[in-house]
Amino acid sequence: MNGVFATIRLIRAGWVLAREGVIAGLPAQGLVGPAAFAHRFAGMLARRRSRGLDNAERMTRAIARLGPSYAKLGQFLATRPDVIGFDLAADLAHLQDRMESFPNADAVARVESSLGKKLSELYATFGEPIAAASIAQVHPATVTGTDGGTRKMAVKVIRPGVRRRFSRDLETFFLFARIQEERFPETRRLRPVAVAETLKQSTQIEMDLRLEAAALAEMRENTADDPGFRVPEVDWERTGRDVLTMEWIDGIKMNDIQGLRAAGHDLDRLADSVVQHFLRHAMRDGFFHADMHPGNLFVVDNGDIVAVDLGIAGRIGLKERRFLAEILYGFIKRDFHRVAQVHFDAGYVPEHHSVEAFAQAIRAIGEPIHGQPAETISMANLLTLLFEVTDIFDMQTRPELLLLQKTMVVVEGNARALNPRFNMWKAAEPVVGDWIARNLGPAALLTDARHGLESLGRLARTLPDLAERTERLTYEVGEMAESGLKLAPETVDEIGKSEARESRSGRVALWIIALAALWIAWQVT
């Protein structure tokens, strides 16, 4: 029956998106046959009041009706322009994950249940929520230290029932992804089901606040010696699955330009700094804050940038970091054949394509940027164009690189808001140049050799176990070849019962889908 209910929820989601004008606002170019008819029909269903709104406002209204799971879906899809297109991704990037707060009494119950203590034993004071999103909300609180003094803290509390709601809605997302793969073969390269699986994993991580606390602790350790940047310190004693207690940050949000200027901060220095810190984390550590919109960045009195809300973090391996460095280096040197070859060497573009043809496509991106003033060239847009070109050459999507690209767009936007004349290349040069020198030169050969020896050592330790497994598998295959594959009677019986259940569920699903379609038609009339 789960599939039946997922189908009903999918129909309802389509109805809401059509009524709020979201589907009508999508581009219709290239649509033919049933898809073109469905687009026109959705336009007729749209409310009149939605026609004067932009796409972001329409989506915000639809998501308010559909619930928090869809707000998180929108945020996630904003990181996947390869799946939904760059225009729609840009619209989704403007979505604000803001929800009505839940009662303080419910938050207190969650805290006490998660930490196993009375609220009065944990906090000296616990205030009303100051911000609420789809997964959690934040409360101000104070704790008493061993010296008798008090410290102000921020307490993040998971929204009641959010896991059950997300689990239910994820069934709907998976159903849509499977339909897309089955009915639209051209989308299989984008792996919609794998995208849904990634969304499931990321939301599961976000809904366990211990993992966000661990991410904060890891980034705090990575950046301990980085002047000008830090993240809040976690209070592990008051942190659990549903509660995250951390240092309260008193600062000015990075999008408060007038406030920053009035406080005497150097906006040009901040613009360079926010980009350099992001690149340093991504290139040096392979671990970066992936939700660096200006509301999550504070500038404190001494000019340091403090990043909060690390529910979404990105990781890229050494191979991907070298890939990106080679691309940037190739564009700087106008070695477009090298940029193309790097894609093939990394296995990102299938071998049946021509390196020369791919290099020609890369040149079409690279040549126009040369000769322009550096401050007019966006590194983020360069990567965006690169990903667009790779679609033509069946390049398999790399979620970690797309998340990096999306975050780079946001970070570069922060910098240009602070300094309209911001030069991305000049700001990035010290960080990227240092990383290239360390990781693409002679030092990299020594590092690779050391890693190779370590891998060889690990392989040697597993050889005895591997030999034993191979011998056992050979024996079992031989037995199977002589006597065939045998199934226990209870296994055969269970298979029969399962087939019967599937058949009944399929018939019930068809009837419910038909009834739901009739109900929608009746609503329209």
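Helices here are DSSP runs of H or I with at least four residues, strands are runs of E with at least two, and both are numbered from the N terminus. The expected span of a helix is 1.5 Å times one less than its number of residues.

This is a predicted model: local features need pLDDT of at least 70, side-chain atom pairs count only at pLDDT 80 or more, and totals for chains, interfaces and linings use all residues. Residues are numbered from 1 along each chain as its sequence is written, and side-chain values use heavy atoms, with hydrogens and water left out.

**The chain as a whole**

The chain has 21 helices and 11 strands. Of its 525 residues, 44% are buried. Buried means under 20% relative accessible area, exposed means over 50%, and partly exposed lies in between (1.4 Å probe, protein chains only). The accessible surface is about 28,100 Å², and carbon and sulfur atoms hold 56% of it. Areas come from the Shrake-Rupley method with a 1.4 Å probe; for residues, only the protein chains shown count as cover. Contact means heavy atoms within 4.5 Å. Among contacts with a separation of 6 or more, 68% join residues 24 or more positions apart.

Strand E3 covers residues 136-144. Seven of its nine residues are buried, so E3 is largely enclosed by the rest of the structure. Two strands pair if DSSP finds at least two bridges between them. The pairings of E3 are listed here.

| E1 (residues 125-126) | antiparallel | two | Phe 126 and Ala 141 |

E2 and E3 form a hairpin with three residues between them. E3 and E4 form a hairpin with five residues between the strands. In that hairpin, Gly 148 has a positive phi near 90°.

**Helix H11**

H11 runs over residues 209-222. Its 14 residues reach 20 Å from the first C-alpha to the last, close to the 20 Å expected. Which residues of H11 are buried? They are Leu 209, Glu 212, Ala 213, Ala 215, Leu 216 and Met 219. These residues cover an arc of only 155° around the axis, which puts them on the same side of H11. The arc is that of the directions from the helix axis to the C-beta atoms.

Thr 223 sits in the loop between H11 and E5. It is buried, with a relative accessible area of 3%. A polar atom of its side chain lies 2.7 Å from the backbone oxygen of Met 219. Leaving aside neighbours within four places in sequence, Thr 223 is in contact with Phe 229, Arg 230, His 281 and Arg 284.

**Helix H13**

H13 spans residues 267-285. At 1.5 Å a residue, its 19 residues should span 27 Å; the end C-alpha atoms are 26 Å apart, which agrees. At its start, a side-chain oxygen of Asp 266 reaches to within 3.1 Å of the backbone nitrogen of Asp 268. Gly 286 follows H13, with a positive phi near 70°.

Notes
A polar contact is a pair of N or O atoms within 3.5 Å; within protein, one must be able to donate a hydrogen and the other to accept it, and residues adjacent in sequence count only if both atoms are side-chain atoms.
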